[in-house]
Every structure is written in C-alpha cells, then in structure tokens.
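Welcome! Take a moment to look over the chain below, and then we can walk through it together.

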Amino acid sequence: MTETPQVITKKRFIAGAVCPACSEPDKLMMWSEDDVPHRHCVHCGYSDTLNAQGQSIPTELGTRVNKPVVKPADPKVQGVQFFPNPKLKKPVDPS
Ligand SMILES: [Zn+2]
C-alpha cells in the first residue's frame, strides 16, 4: 500500500461558500499553496488568499477596487516650524 504524497494542490469547490465579490454560491474553488489558502471564483474571476489571521487578501486583478486608498503625506504641509520669538520675551527686571 503506497501513499502518494499530495504535492499537487487540489482545487475543490466549497459547498455553500458564497463569493464575496459576486455573491454567487458554490462558485468558489479553494486550494492551498505553501499552506496559504487560495480562493477563486469561477463565476466572476475574483480570487483572494487568506493571511495568517484568516483575513481575506484580494489578489491584484489590475483593478484596485477593494484597496483602501492610502494618502501620502502632503509635502506642502510638512516643515512648519515655530521658533520662539525672542521679542516676546519680557526682560526680567529685578528692580
Ligand atoms: Zn464571484
């Protein structure tokens, strides 16, 4: 009795799983690559992976729909420094 090592990743449909993109049930395939779960919807082409926390990481498909837009810091706002105005210093008169 020889056991064949399962090196080939098996893609299988997940019964009852609903695609997060098109909400079609039973269209998601799931498989693992390097112990990373991958999902792919055969209906709309959506695919994602799951990170170590089990969170969905959408795969880049050319369009950035689900990515939060991270605004870079406005370079015009930076570098405002306030120096203490020496003229505002009241001379301490001990008399
Ligand atoms: Zn889909």
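Let us begin with Q55, which counts as partly exposed at 48% relative accessibility. Here, buried means under 20% relative accessible area, exposed means over 50%, and partly exposed lies in between, using a 1.4 Å probe and protein chains only. Q55 sits in the loop between β4 and β5 (56–58). Setting aside its neighbours within four places in sequence, Q55 is in contact with T49 and L50; contact means heavy atoms within 4.5 Å.

A word on the model: it is predicted, so local features need pLDDT of at least 70 and side-chain atom pairs count only at pLDDT 80 or more, while totals for chains, interfaces and linings use all residues. Residues are numbered from 1 along each chain as its sequence is written, and side-chain values use heavy atoms, with hydrogens and water left out.

## The sheet

Five strands form an open sheet in the order β1-β2-β3-β4-β5, with antiparallel pairing. Its edge strands are β1 and β5, each of which pairs on one side only. Strands are DSSP runs (E, at least two residues) numbered from the N terminus, and two strands pair if DSSP finds at least two bridges between them.

At one end, β1 is joined to β2 by two bridges, and R12 stands opposite M30 in β2. Further along, three bridges link β3 with β4, and three bridges also join β4 to β5. The hairpin of β3 and β4 has five residues between the strands, and G45 there takes a positive phi near 90°. The hairpin of β4 and β5 also has five residues between its strands, and G54 in the turn has a positive phi of about 80°.

Are the faces of β4 covered or open? Both are covered: S47 and T49 on one side and D48 and L50 on the other are all buried. T49, in strand β4 (residues 47–50), has a relative accessible area of 17%. Beyond its neighbours within four places in sequence, T49 has contacts that include V36, P37, H38 and Q55.

D48 has bridge partners in two strands: R39 is paired with D48 in β4, and P58 is the partner of D48 in β5. D48 also forms a salt bridge with R39, their closest N and O atoms being 2.7 Å apart. A salt bridge is a side-chain nitrogen of Lys or Arg within 4 Å of a carboxyl oxygen of Asp or Glu. Side chains of opposite charge can pair when their charged atoms come close. Both D48 and R39 are buried, and a search of the whole structure finds one salt bridge.

C19 lies in the loop between β1 (12–13) and β2 (28–33), while C41 lies in strand β3 (residues 36–41), so the pair links parts of the chain 22 residues apart. C19 and C41 are both buried.

Methods. Helices (H or I, at least four residues) and strands (E, at least two) are DSSP runs, numbered from the N terminus.
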